[in-house]
Each structure stands twice: as structure tokens, then as C-alpha cells.
Amino acid sequence: MDTPSFTENLKNAEQFKLSGNDAFKSMDYRKAIGCYHRALLYLKAISAKKSPFSELMSQNSTSRVPDDILKKTEILTSDCYNNLAASLLASSDPKNEKVIEYCKKSLAINPDNLKAVFRMGTALANLGQYEKAKEVLTSHKAYGREKKIVQLLVQVEKKIKEGDENSKKLYQRMFQSKSTRPLSHTEQIKEHFPQDPQKLPKADSQVLEEEGCSAEQTRGQTTEKNRGDIDKDSSLVSECFKEQPDNISDLGSKAESL
């Protein structure tokens with residue numbers, strides 16, 4: 001196929017791209033997406049050195065694409081992928097994964113396409129991948145000259161900071177809940193006597209046995225002592241009340257007289 005066919009394919013691709021731009025401005029994003037896809041069909045045909053319908057017409061070509069046509073084809077292909085990404089982002093149901101895919105294809109051809117950088121960063125941010133979004137947005141040395149990129153970067157960095165603060169609070173709550181847990185009896189003993197088991201508190205019976213008497217003997221001695229104290233107290237009470245009956249009668253009489 002001769003050179004005019006490549007020129008014709010390029011012309012058709014440009015026309016579909018313009019139609020897509022008009023549809024995008026009219027917010028008819030579905031139509032815009034269709035136009036960009038058709039433009040890409042013609043552009044791929046040029047890159048493959050054949051017309052988009054050559055397979056149906058059984059017409060193959062091995063002729064070389066002129067350098068000027070090939071250069072325009074590459075630029076137009078990058079623009080169409082970039083515009084596809086814009087149309088998908090603007091639609092009611094953004095396909096963020098597809099946006100990222102198309103932006104990568106656009107940037108593979110033209111790494112200086114800052115609009116593609118912005119749209120790819122937007123799609124990543126929509127997916128909550130803020131670290132990757134920041135990496136993409138700052139990947140181009142001239143990103144600071146693009147106002148939209150700078151504004152989006154501020155929002156992305158804010159989200160990253162909020163995520164770090166939320167993670168920090170979560171870890172703090174985890175450690176606080178662990179530190180406020182009541183210690184078990186064994187843990188309390190270990191805390192007071194961490195290394196010397198000889199310092200552990202001894203049972204009463206063990207202390208008594210070391211002093212030379214059993215717990216039973218001690219309890220017996222305590223009982224006898226208490227019984228003696230009780231008998232002594234009873235005798236004191238009896239002494240106190242030996243002379244009280246008359247006084248109590250007198251008090252009763254006085255009460256009746258009142």
C-alpha cells in the first residue's frame with residue numbers, strides 16, 4: 001500500500017479525535033470514548049503498516065511508513081489514550097483501573113504529557129493508593145509548573161498524613177489496652193520477686209515449722225489462751241453485777257414515779 005493510504009488513515013484518525021473532543025465538551029462521554037477508540041484503530045493500522053480493514057479485504061502491506069507520518073501517529077496515539085482517560089474519569093462510573101492503563105500507554109509514548117500524569121495520579125487517589133499517587137505526581141521534574149498537579153498533591157499528602165495519624169492512634173490503643181490489663185497472682189509475684197525465688201512469701205505453716213512448732217500446737221495454744229481470757233472477763237462481769245440488782249430496782253421505781 002502506498003504512502004497516500006497512510007496519510008488517509010492519519011486524516012481519519014485526526015477527524016475521529018476531533019469528534020471525540022466535541023463530544024467530551026458536550027459531556028457526552030460515551031460518544032467521546034467511542035470516537036477515541038475508532039481513532040486508535042486507524043492509528044494502529046498505520047503502525048502495523050496496513051489499513052484497519054485490510055484483513056477483511058485481504059490486502060497486506062509491507063511498505064515502510066514515512067518518518068513524518070510515524071511521528072504524527074505516535075503523538076496522536078498518546079493524545080487519544082490521554083483523552084480516553086479523561087473521558088473515563090469524567091463519566092458517572094469512573095473506571096480507575098482503565099484510566100491508569102491508558103495513562104501508562106500515553107506516557108510510554110510521551111513521558112512529558114503532564115495531563116496524563118495528573119489523570120493517572122487522580123485515578124490512583126480514587127483507589128486510595130495515595131503513596132503511589134504521590135510517586136506518580138512527583139515523577140516529572142516539571143510537575144511544580146502544573147497547577148492541577150500541585151493542588152492534587154496537597155490533597156494526597158493530607159490523606160497520607162491522616163492515614164499515618166490513624167495508624168499511630170490504633171497502635172497506641174493496642175498498647176494501652178495491653179498495659180491496663182490486671183496482673184494475675186503469678187504475674188504480681190514475678191513483678192515483686194523477679195529473680196530470687198528465696199524471697200517469695202512463705203506460708204504460715206512453713207514459718208511456724210522453722211520456729212520449732214507445728215501449726216496445730218500453735219492453734220491449741222491460741223485456743224487455751226483465748227479460753228482463759230474469756231473466763232477472766234466473765235468473772236469481772238459477775239463482780240460488776242453483784243451489787244446492781246438493787247440499783248436496777250431503784251431505777252425502775254424512779255421511772256414509775258415519773
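**Pocket and helices of a predicted model**

Modeller: The model is predicted. Its largest pocket has a volume of about 160 Å³.

Biologist: What makes a residue part of the lining of the largest pocket, and which residues are they?

Modeller: A lining residue has an atom within 4 Å of a pocket point. Ala-86, Leu-89, Leu-114, Lys-115, Phe-118, Arg-119, Glu-146 and Lys-148 line the largest pocket.

Biologist: Which helices supply at least two residues each, and which gives the most?

Modeller: Helix H4 (67–90) and helix H6 (114–126) each supply at least two. H6 gives the most, with four residues.

Biologist: What is the lining made of by class?

Modeller: There are four nonpolar and four charged residues, and no polar ones. Leu and Phe count as nonpolar, Lys and Arg as charged.

Biologist: How do you know that the length of helix H5 agrees with its number of residues?

Modeller: H5 covers residues 96–109, which is 14 residues, and at 1.5 Å a residue these should span 20 Å. The end C-alpha atoms of H5 are 20 Å apart, so the two values agree.

Biologist: Why are some residues of H5 called buried, and which are they?

Modeller: Buried means under 20% relative accessible area. In H5 the buried residues are Asn-96, Val-99, Ile-100, Tyr-102, Cys-103, Ser-106 and Leu-107. Their cover includes helix H2 (29–47), H4 and H6.

Biologist: How much of the protein counts as buried, and what are its helix and strand counts?

Modeller: Of the 258 residues, 27% count as buried. The protein has twelve helices and zero strands.

Definitions and conventions. Residues are numbered from 1 along each chain as its sequence is written. This is a predicted model: local features need pLDDT of at least 70, side-chain atom pairs count only at pLDDT 80 or more; totals for chains, interfaces and linings use all residues. Side-chain values use heavy atoms; hydrogens and water are left out. On a 1 Å grid over the protein atoms alone, a cavity is a set of points where a 1.4 Å probe fits but cannot get out, and a pocket is an open set with protein on both sides within 12 Å along at least five of seven lines; lining residues have an atom within 4 Å of a point. Grid points are joined across faces, edges and corners, and a volume is the space filled by probe spheres set on the points. The expected span of a helix is 1.5 Å times one less than its number of residues. Buried means under 20% relative accessible area, exposed over 50%, partly exposed in between (1.4 Å probe, protein chains only). Contact means heavy atoms within 4.5 Å.
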